[in-house]
Amino acid sequence: MEAERVQVIASVCAANGAMPPEFIRSEHEQPGITTFRGPAPEIPVIDLAVADQDHLTIAVAEASREWGIFQLLNHGIPEEVLRELQRVGKEFFELPQEEKEMYAMDYKPESSEGYGTKLQKELEGKKAWVDFFFHYLSPPARVNHAIWPKKPADYRKANEEYVKHLVGLVDKMLMTLSRGLGLGEHVLKEELGGDGLELRLKINYYPPCPRPDLALGVVAHTDMCAITFLVPNLVPGLQVFKDEHWIDVNFIPNAVIVHIGDQIEILSNGTYKSVLHRTTVNKEKARMSWPVFCAPPGEMVIGPLQQLVGDESPAKYKPKKYKDYAYCKLNKLPQ
């Protein structure tokens with residue numbers, strides 16, 4: 001085991017009430033100090049049931065420019081499919097510790113799947129209050145069912161049903177974002193690898209924490225992928241940085257939260273914004289979330305689209321292979 005799991009640490013903390021010092025963030029990060037408590041704008045909510053596609057395009061483009069995040073209603077993923085996805089993920093994290101360790105990540109460069117705790121370098125040496133499980137959902141050539149949990153027995157069925165619905169939503173959002181840039185609706189997806197676009201699920205498990213005012217589940221970051229589709233459980237915790245404040249994201253039952261990631265910001269030459277966000281934790285309840293990161297294959301070179309670059313809008317980013325971008329991001333190296 002590469003590190004003691006936070007879920008194990010949390011069970012010890014529940015017994016003695018102590019907060020391990022390595023999880024106490026610096027004051028400039030502590031949510032008890034830095035969360036904005038005044039009236040704040042709510043992140044955009046977009047209803048996909050609207051018949052007017054032009055209206056939808058404007059709403060998605062505006063949210064992506066101003067916020068980099070929005071919530072989708074009537075997204076087409078049945079409620080029972082979302083509930084099953086959540087149920088099987090929760091049941092995995094309720095397994096005995098030794099059973100979960102059978103799926104531990106090996107942290108080799110070519111491997112990024114399995115059960116883990118520490119994901120990226122932290123410059124101040126602090127730890128995040130989270131355990132997680134990663135695995136690919138799509139394309140089929142990327143999927144390795146050997147790493148998927150065998151328990152609960154219907155884990156695979158629930159995840160395959162989810163991705164069957166999700167891929168259509170991913171396509172719809174990429175087409176809408178393309179139109180919002182004044183481009184053909186298939187441009188963004190093709191620039192991200194077409195049908196080779198990789199969808200990787202991360203199940204985040206944030207155990208109850210004795211001092212949620214001092215800790216973070218996931219530290220402030222932007223997603224290095226192109227676009228993220230996230231389903232949370234009922235315990236709030238997602239925050240976004242907007243107008244120099246950390247504000248809470250309102251929970252909307254059965255909504256899917258969409259994050260614009262770094263690669264779409266790069267392709268759009270900064271028109272769309274990759275959202276800076278973080279996760280807080282709860283004293284009494286475990287928070288969970290199911291983000292799916294949609295990213296180009298590692299060998300694809302991503303840079304500003306030529307259609308969006310000119311004398312008055314010079315390129316703001318260097319073209320780079322996605323795998324090189326990801327390596328620099330995870331290791332806190334300059335891009």
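P139 is found in the loop between strand 4 and helix 6 (155-180), where helices (H or I, at least four residues) and strands (E, at least two) are DSSP runs numbered from the N terminus. The model is predicted, so local features need pLDDT of at least 70 and side-chain atom pairs count only at pLDDT 80 or more, while totals for chains, interfaces and linings use all residues. Residues are numbered from 1 along each chain as its sequence is written, and side-chain values use heavy atoms, with hydrogens and water left out.

The peptide bond joining S138 and P139 is cis, with omega about -5°. Another cis peptide bond joins K151 and P152, with omega again about -5°, and P152 too is found in the loop between strand 4 and helix 6. Backbone angles of interest also turn up in other loops. N74, in the loop between strand 2 (69-73) and helix 4, has a positive phi of about 50° although it is not a glycine. D243, in the loop between strand 8 (238-242) and strand 9 (245-248), is likewise a residue other than glycine with a positive phi, near 55°. For context, most residues other than glycine have a negative phi, and most peptide bonds are trans. N74 is exposed, at a relative accessible area of 51%, and D243 is exposed at 54%; here buried means under 20% relative accessible area, exposed over 50%, and partly exposed in between (1.4 Å probe, protein chains only).

Eight of its eight residues are buried, so strand 4 is largely enclosed by the rest of the structure. Strand 3 and strand 4 run antiparallel and are joined by three bridges, two strands being paired if DSSP finds at least two bridges between them. Within this pairing, Y115 stands opposite F133 in strand 4. Strand 4 also pairs with strand 5 in the antiparallel sense, over seven bridges. There S138, one partner in the cis bond to P139, has L199 of strand 5 as its bridge partner.

Which residues do ring pairs link into a cluster? The cluster holds F92, F93, Y103, Y115, F133 and Y205. Across the whole structure, a search finds 12 aromatic pairs. Rings of Phe, Tyr and Trp (its six-membered ring) pair if their centres lie within 6.5 Å; planes under 30 degrees apart count as stacked, over 60 as edge-to-face and the rest as tilted. The rings of F92 and Y115 have centres 6.0 Å apart and planes at 80°, so this pair is edge-to-face. It links distant parts of the chain, with F92 in helix 4 (residues 79-93) and Y115 in strand 3 (residues 114-116), 23 residues apart. Both F92 and Y115 are buried, each at a relative accessible area of 0%. F93 and Y205, by contrast, form a stacked pair, at 5.0 Å centre to centre and 10° between the planes. Here the link runs from F93 in helix 4 to Y205 in strand 5 (residues 198-206), 112 residues apart. F93 is buried at 0% relative accessibility, and Y205 is buried at 11%.

Two lysines are placed over aromatic rings. The charged end of K202 sits over the ring of F132, 5.1 Å from its centre, and K242 lies over the face of W67 at 4.9 Å from the ring centre. The criterion is that NZ of Lys or CZ of Arg is within 6 Å of the ring centre and within 35 degrees of the ring normal.

S64, in helix 3 (residues 53-66), is buried at 0% relative accessibility, and its side chain reaches the backbone oxygen of V60 at 2.8 Å. A polar contact is a pair of N or O atoms within 3.5 Å; within protein, one must be able to donate a hydrogen and the other to accept it, and residues adjacent in sequence count only if both atoms are side-chain atoms. Leaving aside neighbours within four places in sequence, S64 is in contact (heavy atoms within 4.5 Å) with F70, L177, I260, T271, Y272 and K273. In strand 6 (residues 218-221), a polar atom of the H221 side chain lies 2.8 Å from the backbone oxygen of V219.
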